[in-house]
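Please examine the sequence and the structure below. The paragraphs that follow lead from single loop residues to strands, a helix, a cavity and the chain as a whole.

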Amino acid sequence: MLATLVFAMFLSLMAMATYIQFFQAPSLNADSRNVRSMYRQYKVKRGPIIVNGDDIVSSSPSKDEKDHHKFQRKYKDGSTYAHVTGYMSTVFNSTTGIEKAENGVLAGSSDSLASQRFQELISGEEQRGGGVELTIDPATQKAAVKALNGQRGSVVALDPKTGAILAQVSLPSYDPNKLASHDRESVQKAWNKLAQNKEKPLINRAIAGEQYAPGSTFKMLTATAMLENSGLTPDSTVDAPNSYTPPGTSHSIQNPGERPCGDGSGRVTLREAFIESCNTPFAKGGVSVGADKMVEQGKKFGFGTTFETPQRVLASRFPKPGSTAALAMDSFGQLDIRVTPLQMAMIGGGIANDGVVMEPHVIKRTLTSDLETVSKTKPKQFSRAMSDKTAKYMQEMMVADVTSGTGHRAAIRGVSVAGKTGTAEISASTPPHVWFVGFAPANDPKIVVAVIVENSGNAGWNGDGGSVAAPIAREVMKAKLGVS
């Protein structure tokens, strides 16, 4: 009897040990309080991050194995991809970007790699990390960096039909190799320099940071809401006074440059209001639609939602306006609206994709250490933001904006391009942020691009969305489409 009890206790002990060491290992390893897990990772050959078959992040044997550091993380074209890949710091025991979001796969501890770990256990091989392949298109990414030309801002490009992120650029950037070094003194020096930089290179402007007022690019949302709820078409005439003072305020809304809209008669087609980027028709249009329906339209495009690409995307903000005056200002992208460039790309993508907004993602595949596929990301619909009919109307107006409106500098010879410019005012003493959102080819979109340049970049007070941001978007679209 005693022998049976001892045997049963022995089996229970073995079962519990096996459960903890094998089945619970991933969750225990992932626990941020587990310092041993970080030290263990330094002994594992961490898997690559791959773009178009090229390892842009890899691990190689370290020349200095002190403090458990067996491998050195290396970042190819580091500053080009820094805000996507992030970095792994052995000095700070921390990870960011995809290095953090896909740490389990890259370190080999993910549940999805259980069979690989079991084989390594049986064979006695050292544990190796799996790979992560990104959706980033290198030509598009590099074109975005080049076109921004060192100006503060961001470019996000998506495949509107799948939500795959083709480019995600934030400038200024940084070199993650300097933070991945094993030399504590040099890493601390590099970090201090970055943290104290007034240009804030560590902030990922594409998906986080302080966010931006979208300016007139928000008229894409307002125009959509007007078409969806008011029975309008691009040929419908709308009120377009030279100025508009909403009820409850003495503040007068003017058109850009205080110019008249159209011929100055006070009535223009919706198409004309859109391509001239007049303010008063959209201020009045948003008020006519109403706060509830405007906010709901925003939610359909993704406002208020925190996305995981798997990087965490800060939710864009469209709080319910507290007054008619606030709604009027919101309706042309000022006052309380705050967005990420990714959010604006999603609005453009929903229009390009015949009204369907896809969830953004940057992971194409996860892989074993032998680069065999473990999982593929399946495109996922986020919402239907508008009817197919409304989408066609919006596409038509955005093509007209590039053909004969404020977005003409985004035009590409031989390619139909759709777009919308934006200029977001900040203060009387600070140049505005400038925007462009567009897609191409308009009849079969392969890419949608959102560009923001802070404080009009090198142009300063002489810049606007059409002159500064539209040409950047043009170069990014050309790179993806392979045209010169």
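**Loops, strands and an enclosed space**

Asn93 is partly exposed, because its relative accessible area is 33%; buried means under 20% relative accessible area, exposed over 50%, and partly exposed in between, with a 1.4 Å probe and protein chains only. The model is a predicted one, in which local features need pLDDT of at least 70 and side-chain atom pairs count only at pLDDT 80 or more, while totals for chains, interfaces and linings use all residues. Residues are numbered from 1 along each chain as its sequence is written, and side-chain values use heavy atoms, with hydrogens and water left out.

Asn93 has a positive phi of about 50° although it is not a glycine. Its place is the loop between strand S4 (88–89) and strand S5 (94–95); helices (H or I, at least four residues) and strands (E, at least two) are DSSP runs, numbered from the N terminus. Asp354 is likewise not a glycine, yet has a positive phi, of about 55°. Asp354 lies in the loop between H16 and S15, and it counts as partly exposed because its relative accessibility is 27%.

The bond from Leu171 to Pro172 is cis, with omega near 5°, and Pro172 is found in the loop between strand S8 (165–171) and helix H9 (177–180). The bond from Thr309 to Pro310 is cis, with omega near 25°; Pro310 belongs to the loop between strand S13 (307–308) and strand S14 (312–313).

Helix H4 (residues 78–85) is mostly covered, with 7 of its 8 residues buried. The buried residues are Gly78, Thr80, Tyr81, Ala82, His83, Val84 and Thr85. Just after H4, Gly86 adopts a positive phi of about 70°.

How many of the 8 residues of strand S20 (residues 433–440) are buried? The count is 8 of 8. In a regular strand the side chains alternate between the two faces of the sheet. On one side of S20 are His433, Trp435, Val437 and Phe439, on the other Val434, Phe436, Gly438 and Ala440, and all of these are buried.

The pairing of S20 can be followed towards each neighbour in turn. Strand S19 (residues 418–424) runs antiparallel to S20, and 7 bridges join them; two strands pair if DSSP finds at least two bridges between them. Within this pairing, Ala424 stands opposite His433 in S20. S20 also pairs in the antiparallel sense with strand S21 (residues 447–453), over 7 bridges. Here the bridge partner of Trp435 is Ile452 in S21.

S20 and S21 form a hairpin with 6 residues between them. Asn443 lies in the loop between these two strands. Is Asn443 buried or exposed? Asn443 counts as exposed because its relative accessibility is 70%. The C-alpha atoms of Asn443 and Gln395 are separated by 8.6 Å, although the two residues are 48 apart along the chain.

Rolling a probe the size of a water molecule over the atoms shows where empty space is left. The structure holds 4 cavities of 30 Å³ or more. On a 1 Å grid over the protein atoms alone, a cavity is a set of points where a 1.4 Å probe fits but cannot get out, and lining residues have an atom within 4 Å of a point. Grid points are joined across faces, edges and corners, and a volume is the space filled by probe spheres set on the points.

The second largest cavity has a volume of about 50 Å³. Its lining consists of Leu158, Asp159, Pro160, Gly163, Met346, Gly349, Gly350, Val356, Val357, Met358 and Val448. Helix H16 (341–352) and strand S15 (356–358) each supply at least two residues of this lining. By class, the lining has 7 nonpolar, 3 polar and 1 charged residues; Ala, Val, Leu, Ile, Met, Phe, Trp, Tyr, Cys and Pro count as nonpolar, Asp, Glu, Lys and Arg as charged, and the others, Gly among them, as polar.

For the chain as a whole, there are 18 helices and 21 strands. Buried residues make up 54% of its 484 residues. Among contacts (heavy atoms within 4.5 Å) between residues at least 6 apart in sequence, 70% join residues at least 24 apart.

Definitions and conventions. 1 Å grid on protein atoms, 1.4 Å probe; cavity = no way out; pocket = protein on both sides within 12 Å on 5 of 7 lines; lining within 4 Å.
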